[in-house]
Structure formats: C-alpha cells, structure tokens
Amino acid sequence: MGNLLQAIYTATHNSIADVASFYRSKNKINAVGDALEYFIKDIFANTLTETDEKTFSYFGNANNPPDLMLINGGDAIEVKKIESENGQIALNSSYPSAKLFADSPMITSTCRNCENWYERDLIYTIGSIKNNKLSLLWFVYGDCYAASREVYERIRTTIADGVISIPGVDFSKTKELGRANKVDPLGITHLRIRGMWTIEHPNKAYRYLDIDYQANKTLRLFALIREAKYYSFPSEDIARLESSVNSNLSIRNVQLKLPDNPVKQVSAKLISYQI
C-alpha cells in the first residue's frame, strides 16, 4: 500500500518540475490542471514510468472530495492546484476536514462503498503551477490543518436555521446549505444556497514555524505530519527517507498549534525538499 513517505521519496528522486510537458509527452492530458493530479497519482503509486492503478481504491471527480483513496484503508488525498504560492485555497462546497468520514454528505456513494471503511486520514495536496512549472508542493494532513467537523457544521446549521426563520420561506435541506423554494408569486423561482469555503495557504497558515523558504529554488516541497502518524508508517519507509537527508532534503521536529485549540501544541514532522 502506498503512503506519503513513499510518495515524497519518489518525488525527490524524480524531480519533474515541468509536469505539464511531462504528461503531454505521454499524451495523458489536455489541460494543464490535469497534470498535477496525474503527478500525485504517480508518486503515490511509484508509476512515473509505468501504469499501475492498483495502489488506489477510488478515483474521484471535480465536484466531490476526495480525489484519490489508497487501497486497504489507506489515506485519502485531495489535490488542489493554484497559480500563486500564497493565495487562498478554494474548497467550494466542502469545508476543511481533519479526517474523511464515510457518512459525509459531500462524498459520493461510489467513494463510500469502494471499501469497508468509516474514517480515513486525509492529505491536502496543494500544488502551485505557473507557466507549466510546478514550483511549490505542499502535503498537509487534515488533522494538522482543520478543526473538528462540528466547528464547521455549527456554521452550516446556523445559516440554515437563519433562512428557515425568515417568514414565508419554503426551505429544503440539500447536500449544500439548502434551498429556498418558490420565492416569487408564480412559484417558479428557487434560491440555491451554497457554501464557498476557502482556507489559508500553508505558506501563511504555518508562518509561525519559521520555515526556511528558499524563494530562489526551482522546486520546493513541504510536508507536515503529526509525529504519531509519521511513526505509524513502515519502519523501512522511514529509514529510507531519513537516509536520503542531504543539503536539499531535511526532516525537522516542529510543534504545531492544535486546530481545535491553538494554545495547545502537538509534535509533528516538517519535511522540506528544495532544489
């Protein structure tokens, strides 16, 4: 089963910054935006030079998270592409998730039933691509980035309750925030109420970690993993990555602010690769 440490090892030993040209040469993409998702699939499956989709139990779509799930209860992966290196990340109708749950209304039934599962760790993969070049790639586990789901559900529920309380509104629950029906005298107009969630880019969210961000480098890769998760990976994957540490690749112990309570901290690993 693939994991993040294997993916980082593959990415750092096959530096491919021009991901669009790489996948165009393989006749795999029409749009530049598709290249990042292919790249993420290939580094998790170690298939940059071959085709093997047995690493995954699910491939998603553009409208529902996640984009990928590793087989046998492995991590779920959500891929986000932006052009800037500091812009807010658009999550659209899905609020940030510390974990992915099978009972989430935002996932598809295919995702829910691809394996027997209830909860998975979730990796946000955020790539900055400009002029076809991948310049910055972040891997952040959801439990390092997002609060518990009740924090976001409270906002959803409060907004829905507010609409319901408007006199004369015929409100329907939906997978989004809801819908106000028949708002005009003819009863032919409906209002779809949809959340548009965004989250700060990791470059801003983790500014307090004082990361050695080398702007003059061609490609920068960072990963944040809680220490308990890091040491849950196979020991051979940990040893292989740690033996690769050099002037470009570093693994540093950091203290992260807990997303549910920022006055508390949790031990984590920050992996950096800059060339």
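Helices (H or I, at least four residues) and strands (E, at least two) are taken as DSSP runs and numbered from the N terminus. Two strands count as paired if DSSP finds at least two bridges between them. The model is predicted, and local features need pLDDT of at least 70, side-chain atom pairs count only at pLDDT 80 or more, and totals for chains, interfaces and linings use all residues. Residues are numbered from 1 along each chain as its sequence is written, and side-chain values use heavy atoms, with hydrogens and water left out.

A hairpin of five residues links β8 to β9. These two strands pair in the antiparallel sense over three bridges. Within this pairing, Ser-172 faces Arg-179 of β9. Strand β9 covers residues 178-181 and also pairs with β10, again antiparallel and over three bridges. Here Gly-178 has Ile-193 of β10 as its bridge partner. Together the three strands form an open sheet in the order β8-β9-β10, with antiparallel pairing. β8 (170-172) and β10 (191-193) are the edge strands; each has a single partner strand, so one side of each lacks a neighbour in the sheet. Neighbouring strands of this sheet are turned by 20° against each other on average, direction ignored. For this angle, axes are lines fitted to C-alpha atoms, for helices over the stretch in contact, and angles run from 0 to 180 degrees between N-to-C directions.

Strand β6 (residues 119-130) and β7 run antiparallel and are joined by eight bridges. Tyr-124 is placed opposite Val-140 of β7. The two strands form a hairpin with two residues between them. In that turn, Asn-131 has a positive phi of about 55°. β7 also pairs with strand β12 (residues 220-226), in this case parallel and through five bridges. Val-140 stands opposite Leu-224 in β12. Strands of a sheet pair through backbone hydrogen bonds, in either a parallel or an antiparallel arrangement.

Strand β7 (residues 133-141) is mostly covered, with eight of its nine residues buried. Helix α1 is also mostly covered; seven of its ten residues are buried. The buried residues of α1 are Leu-4, Leu-5, Ala-7, Ile-8, Thr-10, Ala-11 and Thr-12.

A nonpolar core is a set of buried Ala, Val, Leu, Ile, Met, Phe, Trp, Tyr and Cys residues joined through side-chain atoms within 4.5 Å. The largest such core holds 73 residues. Leu-4, Phe-39, Ile-40, Phe-44, Trp-138, Phe-139 and Tyr-206 touch the most other members. Contact means heavy atoms within 4.5 Å. Not counting residues up to four places away in sequence, Ile-40 touches Leu-68, Ile-77, Val-79, Thr-125, Leu-137 and Phe-139. Another core, of five residues, lies apart from the largest one. Its members include Val-163, Phe-171, Leu-177 and Ile-193.

Asn-3 lies in the segment before α1 (4-13). With a relative accessibility of 6%, Asn-3 counts as buried. At the start of α1, a side-chain oxygen of Asn-3 reaches to within 3.0 Å of the backbone nitrogen of Leu-5. This is a polar contact, a pair of N or O atoms within 3.5 Å; within protein, one must be able to donate a hydrogen and the other to accept it, and residues adjacent in sequence count only if both atoms are side-chain atoms. Asn-3 also touches Phe-44, Leu-70, Phe-233, Pro-234 and Asp-237, not counting residues up to four places away in sequence.

Ala-205 belongs to helix α7 (residues 202-205). At 29% relative accessibility, Ala-205 is partly exposed. Ala-205 touches Tyr-145 and Glu-200, not counting residues up to four places away in sequence. Ala-205 and Tyr-145 are 60 residues apart along the chain, and their C-alpha atoms are separated by 8.2 Å.

A disulfide was defined as a pair of cysteine sulfur atoms within 2.5 Å. By this rule the count of disulfides is zero. For Cys-111, the nearest cysteine sulfur belongs to Cys-114 and is 5.5 Å away. Cys-111 is buried, at 0% relative accessibility. Cys-144 is buried as well, with a relative accessible area of 4%.

Key:
Buried < 20%, exposed > 50% of the residue type's maximum accessible area, 1.4 Å probe, protein only.
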